[in-house]
Amino acid sequence: YIQHLLIDGHGEFAKNTEWITNYNNPKLVCHPIVSLVTDLVWTRVAIRTFLLGKAWFLFTLIIFVLSQAVLNHLYEDSDAPDPAAGATASAARRLLASNATSATASTTVAIAISGIKQLVRPLENRLSILAGRCFIYICSMGQLMFFHCKCSTRDFRNNALRKIGCLRIPEYLCVWQGWASLVLTMLLVLMVTLEPILHCYGHNDGKMFAVHCAESEHLLFPYSVVSTVSMLFYFLLLSDLSVFSTRVSAFALVCSRLVSEVFLFLFGLCFFVLAFACAVSTLEQEDKDFEGIPNSALQLVKITFGMFSGQHYESLMESPPLLVAIFIYVVTTVIFLLNLLIAQLNCSYQATYQDMLGYARLNRGKIVIETMPSVAKWRWNRFLASVRLEERVEFGEGDLGLSGGVQVWEPASANVTTVDMIRRFGGSTSPGAQWPEEEVCGDDEEDRFDRMEKLIEKAMKRMGTRAKGGSSKNSSSMDNSNMAGSELDGSGGSQMSE
């Protein structure tokens, strides 16, 4: 019977699911009634709205991948067929970056720019890249900016702020999806300011929407870095799709909870790398790979992750002190720290696995709570009509019960009952009618258990008294037999003496 867990007095979605989810108890959400309500709302109502929102986000991610990672590599082989032109273009980029101002440099720049012009892609490719990036900047970035403005305004009006240090931030940013979306929005804004097509506009010598030009060469690398980080945040926000399966969601939650152990390992590794890099740099040795702290730290990291080549190990034999230091570092990090990380991950996984399904259901409950305000009124009413909570539910075939519930079928062998737990009384069901008296007063389950306990106590007492009586009789009979035996021994002795 889930009517009052599902809907409130106004026919809207009740706050009970939100309260239970905010309690953040993984065992409570696994209760059959609570999980039934959450799964029912998720599969019948919330999943469609959630899918529509994620389908749009997935479509924008596909457009972003095409414009940033696919279309810009289609004509790389045909962009510079002449090696001399490619070398000239590379020289132009280096010369433009150095901001040469002499007459000779100007002549070289002019030649180099002619090499860069050969890098211009076909018009259809440039138009495809432009269309994809305009879609991302207008639709995706615009939607994200609108979302953050709306959520920030709502939280400030409702005074839903969290204090972190000396700052008060909106409450929606305390969830990882909120701050990750905000970071993605800022990255997209930064991409607009670094967009090479905008910087090449008017300086492309008639080649419309070109990416490579003298004004944009120094921006290509920063733009690519920002685009790379944005791509990672797009896929990070896409991980919400794991809520479709509780198993996948539980796996994702376990991974997120074990990340802290990995960060602890990396912190310890950085400490040992810095310590041994400083120590190795103080040695008088001639190995060029370990000259200075940066080079030494880089080589030590390669040793930890198995990227240090065998030839380098052979060169360490020429410097025994350096070889001893590397040996101590390998024992400390590769043998000790890595095995300690495995042990920590094992213990953390065992502690998290017990409530893994509960945390997955908590995650689904949060998604349901966030999605339900966006569900249309007509869809919610259609769902309530399909559930038919106003109809009486059958206890059995032809046995009508109360309204406000849903029937859940289960195997007949799941909960075997030999006694009917439903008490039935004939007559009127009017509230004004007197409640009928039971035929046998006091013959309920508690009274039966009390009588059984008294009978067992009496039987135990009787058994105890009988055991005592039997032991006393046995002891008295044994005494009598001993006395009789002694008398016979005495009489026999007297006859012998005579």
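**Briefing: packing and aromatic contacts in a predicted model**

Beyond its neighbours within four places in sequence, T21 is in contact with L362, G365, K366 and I369. The model is predicted, and its protein chain of 498 residues is 32% buried by residue count. The chain comprises 17 helices and four strands.

**Surroundings of T21**
- T21 belongs to helix 2, which spans residues 16-22.
- With a relative accessible area of 4%, T21 counts as buried, because the cut-off for burial is under 20%.
- The T21 side chain also reaches the backbone oxygen of T17, at 2.7 Å.

**Nonpolar cores**
- The largest nonpolar core has 23 residues, of which F64, I136, Y137, L184, L188, M191 and Y234 touch the most other members.
- At least two residues of this core come from each of helix 3 (32-70), helix 7 (123-157), helix 8 (176-193) and helix 10 (220-237).
- Helix 10 provides the largest share of this core, with six residues.
- L184, one of the core residues with the most contacts to other members, is in contact with L144, S230, F233, Y234 and L237 when neighbours within four places in sequence are left aside.
- Another core, of 21 residues, lies apart from the largest one and includes I2, W42, W380 and F383.

**Aromatic pairs and cluster**
- The structure contains twelve aromatic pairs.
- One of them joins F59 and F135 edge-to-face, with 5.5 Å centre to centre and 85 degrees between the planes.
- This pair links distant parts of the chain, since F59 lies in helix 3 and F135 in helix 7, 76 residues apart.
- F59 is partly exposed, at 39% relative accessibility.
- F147 and Y172 also form an edge-to-face pair, with 6.1 Å centre to centre and 85 degrees between the planes.
- Here F147 is in helix 7, whereas Y172 is in the loop between strand 2 (167-170) and helix 8, 25 residues apart in the chain.
- F147 is partly exposed at 34% relative accessibility, whereas Y172 is buried at 11%.
- F13, W380 and F383 form one aromatic cluster; W380 and F383 are also among the members of the 21-residue core.

**Charges over rings**
- R257 lies over the face of Y359, 3.9 Å from the ring centre.
- The charged end of K54 sits over the ring of F57, at 5.3 Å from its centre.

**Whole-chain values**
- Of the contacts between residues at least 6 apart in sequence, 69% join residues at least 24 apart.
- The protein chain exposes about 32600 Å², of which carbon and sulfur atoms supply 63%.

Terms used: Residues numbered from 1 in each chain as written. Predicted model: local features only at pLDDT ≥ 70, side-chain atom pairs only at ≥ 80, totals over all residues. Heavy atoms only, no water. Buried < 20%, exposed > 50% of the residue type's maximum accessible area, 1.4 Å probe, protein only. Polar contact = N/O pair within 3.5 Å; in protein donor to acceptor, adjacent residues only side chain to side chain. Contact = heavy atoms within 4.5 Å. Core = buried A, V, L, I, M, F, W, Y, C linked by side-chain atoms within 4.5 Å. Areas by Shrake-Rupley, 256 points an atom, 1.4 Å probe, with all protein chains shown as cover. Phe/Tyr/Trp six-rings, centres within 6.5 Å; stacked < 30°, edge-to-face > 60°. Lys NZ or Arg CZ within 6 Å of the ring centre and 35° of its normal.
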